[in-house]
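Here is my note on the model, in numbered points. Keep the structure open beside you as you read.

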Amino acid sequence: ILGGSFDVMQRGEVTRVNVGDALYLPAKTWHNFTSVGPETGLLLAVISPAGFEEMFRELGVPDSQLSGPRPPLPEEAERFLQIVGRYGLELTEPGSV
């Protein structure tokens, strides 16, 4: 964790991680990261084997196009679901896993 703190839910348990902490998530583990606290959360994810990082490239939006937090537009949500589906991700409602 490079900045802030996160509550990480995996396998039904929540763990608080802070700056300097590291976390291992086995492949295909249901998980959720929630930035908590007053500082901006910043984390570095190392994904192995290679390939999954392409999903993040497809999802990415240049900083110059961002105008701050807001709910996604319907077409943005649809694009997101299409992209993550191609990479085998399955989304659930918060708290359902």
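**Notes on the predicted model**

1. Start with Gln10. Gln10 sits in strand β1, which covers residues 5–10. Keep in mind that this is a predicted model. Is Gln10 buried or exposed? Its relative accessible area is 14%. The cut-off for buried is under 20%, so Gln10 counts as buried. Which residues does Gln10 touch, leaving out those up to four places away in sequence? They are Leu23, Tyr24, Leu25, Pro26, Thr29, Trp30 and His31.

2. Now step back to the whole chain. It has two helices and three strands. Read along the sequence, the pattern is β-β-β-α-α. The C-alpha trace spans about 35 × 30 × 30 Å along its principal axes.

3. Next, burial and surface. The chain has 97 residues, and buried ones make up 15% of them. Gln10 is one of the buried residues. The accessible surface of the chain comes to about 7700 Å². Carbon and sulfur atoms hold 57% of that surface.

4. Look at the contacts too.

5. Check the length of helix α2. This helix runs over residues 74–86, which is 13 residues. At 1.5 Å a residue, the helix should span 18 Å. The count used is one less than the number of residues, because that is how the expected span is defined. The end C-alpha atoms of α2 are 19 Å apart, which agrees. Gly88 follows α2 and has a positive phi, near 80 degrees.

6. Two backbone angles deserve a look. Most residues other than glycine have a negative phi. Arg11 has a positive phi, near 55 degrees, and is not a glycine. Arg11 is in the loop between β1 and β2, where β2 covers 13–18. With a relative accessible area of 61%, Arg11 is exposed. Lys28 also has a positive phi, about 65 degrees, although Lys28 is not a glycine. Lys28 lies in the loop between β2 and β3. Is Lys28 buried or exposed? Lys28 counts as exposed, at 85% relative accessibility.

7. One peptide bond also needs checking. Most peptide bonds are trans. The bond from Ser48 to Pro49 is cis, with omega near 0 degrees. Where is Pro49 found? Pro49 is in the loop between β3 (31–36) and α1 (53–59).

8. That loop also holds Leu42, between β3 and α1. Leu42 is partly exposed, with a relative accessible area of 49%. Exposed means over 50%, so Leu42 falls in the partly exposed class. Leu42 belongs to a nonpolar patch on the surface, together with Leu2, Leu44 and Val46. The patch has about 470 Å² of accessible area in total.

9. Turn to the charged side chains. Side chains of opposite charge can pair when their charged atoms come close. How many salt bridges does a search of the whole structure find? The search finds three. In one of them, the side chains of Asp7 and Arg16 meet, at 2.4 Å from N to O.

10. Another salt bridge joins Arg57 and Glu54, with the closest N and O atoms 2.5 Å apart. Why are these two separated by about one helical turn? They are three residues apart in helix α1. Arg57 is exposed, with a relative accessible area of 56%. Glu54 is partly exposed, at 35%.

11. A further salt bridge pairs Arg86 with Glu58, and the closest N and O atoms are 2.2 Å apart. This pair links distant parts of the chain, with Arg86 in helix α2 and Glu58 in helix α1. The two residues are 28 residues apart. Arg86 counts as exposed, at 54% relative accessibility. Glu58 is partly exposed, with a relative accessible area of 28%.

Terms used: Residues numbered from 1 in each chain as written. Predicted model: local features only at pLDDT ≥ 70, side-chain atom pairs only at ≥ 80, totals over all residues. Heavy atoms only, no water. Helix = DSSP H or I, 4+ residues; strand = E, 2+ residues; numbered from the N terminus. Buried < 20%, exposed > 50% of the residue type's maximum accessible area, 1.4 Å probe, protein only. Contact = heavy atoms within 4.5 Å. Patch = residues over 30% accessible without salt bridge, like charges linked within 9 Å, V, L, I, M, F, W, Y side chains within 5 Å. Areas by Shrake-Rupley, 256 points an atom, 1.4 Å probe, with all protein chains shown as cover. Salt bridge = Lys/Arg side-chain N within 4 Å of Asp/Glu carboxyl O.
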